[in-house]
Every structure is written in C-alpha cells, then in structure tokens.
Amino acid sequence: MKMIVEPNGAYSEQYYGLTKREARLILPYIRNAARHAENMVEHYQDILESGEATDRQTTALAQWEDKMDIFNSMIAFME
C-alpha cells in the first residue's frame, strides 16, 4: 500500500494505492459490504414504500445508497 498526496487548490488530498495482490485480498470483504449495503437499501425502501418511514429512516436510506454506490464503484474498479 502506498500513500499518494496530490495538491488540490489550497489543500492536499491523500489517497491510498493498492497493489493487485492487495486489491484481490480485500475484494471479497468489499463484495460482502456491498451486499450488506444493498440489503439495507432494500429494507429501508420497503419501509418508505409502505408509507411508514420516519425522517431518520429516510436519512438512513440515503446514507446506505451512498455506501452501496461507493462499494460498487470500488468493485468495478478492482475487477
């Protein structure tokens, strides 16, 4: 793993680079996390569609959708 620092305007952003071997090692864990996020999105969508969702549950749905998108983009990049 390598830390990469790139300047971005007035501040710097840090990124972590993985070797192919490291990416293959963590890919099953990321797939598992993506499945969990997808299940949580389905759970909160069911509550929302039934009309019984609270503001907190609607917020949780948006957060799980964001996580699911991040995991899926990571998986697509690693494969």
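Analyst: Ser73 is partly exposed, with a relative accessible area of 44%, where partly exposed covers the range between buried (under 20%) and exposed (over 50%), judged with a 1.4 Å probe and protein chains only. Its place is in helix α2, a helix here being a DSSP run of H or I with at least four residues, a strand a run of E with at least two, each numbered from the N terminus. This is a predicted model, in which local features need pLDDT of at least 70 and side-chain atom pairs count only at pLDDT 80 or more, while totals for chains, interfaces and linings use all residues. Residues are numbered from 1 along each chain as its sequence is written, and side-chain values use heavy atoms, with hydrogens and water left out.

From Ser73 one can look across to Ala34, which is 39 residues away along the chain, with 9.9 Å between the two C-alpha atoms. Another residue of helix α2 is Ala62, which counts as partly exposed because its relative accessible area is 35%. The C-alpha atoms of Ala62 and Tyr44 are 9.2 Å apart, although 18 residues separate the pair in sequence. Tyr44 belongs to helix α1 and is buried, with a relative accessible area of 16%. Trp64 stands 8.9 Å from Tyr44, C-alpha to C-alpha, and 20 residues from Tyr44 in sequence.

A search of the whole structure finds one salt bridge, which is defined as a side-chain nitrogen of Lys or Arg within 4 Å of a carboxyl oxygen of Asp or Glu. The partners are Arg31 and Glu79, with 2.5 Å from N to O; Arg31 sits in helix α1 and Glu79 in the segment after α2 (55-78), so that distant parts of the chain, 48 residues apart, are linked. Arg31 is partly exposed at 32% relative accessible area, whereas Glu79, at 61%, is exposed.

Helix α1 spans residues 20-50 and includes Glu38, which is partly exposed at 40% relative accessibility. Together with Glu42, Asp46 and Glu49, Glu38 makes up a patch of negative charge on the surface. Such patches take residues with over 30% relative accessible area and no salt bridge, joining like charges within 9 Å and nonpolar side chains (Val, Leu, Ile, Met, Phe, Trp, Tyr) within 5 Å. For the charges, Lys and Arg count as positive and Asp and Glu as negative, with His and the chain ends not counted, and each charge is placed at NZ of Lys, CZ of Arg, CG of Asp or CD of Glu. Arg35 also lies in helix α1 and is partly exposed, with a relative accessible area of 49%. Between Arg35 and Lys2 there are 28 Å, C-alpha to C-alpha, and 33 residues in sequence.

Strand β1 (residues 2-8) and strand β2 (residues 11-17) pair in the antiparallel sense over seven bridges, two strands being paired if DSSP finds at least two bridges between them. Lys2 stands opposite Gly17 in β2, and Asn8 stands opposite Tyr11 in β2. The two strands, β1 and β2, form a hairpin with two residues between them, and Gly9 in this turn has a positive phi of about 70 degrees.

The surface also carries a nonpolar patch, formed by Met1, Met3, Val5, Tyr16, Leu18, Leu25, Ile26 and Tyr29, which together have about 880 Å² of accessible area, computed by the Shrake-Rupley method with a 1.4 Å probe, where for residues only the protein chains shown count as cover. Two or more residues of this nonpolar patch come from each of β1 and α1, and α1 gives the most, with three residues. Leu25, a residue of helix α1, is exposed, with 61% relative accessibility.
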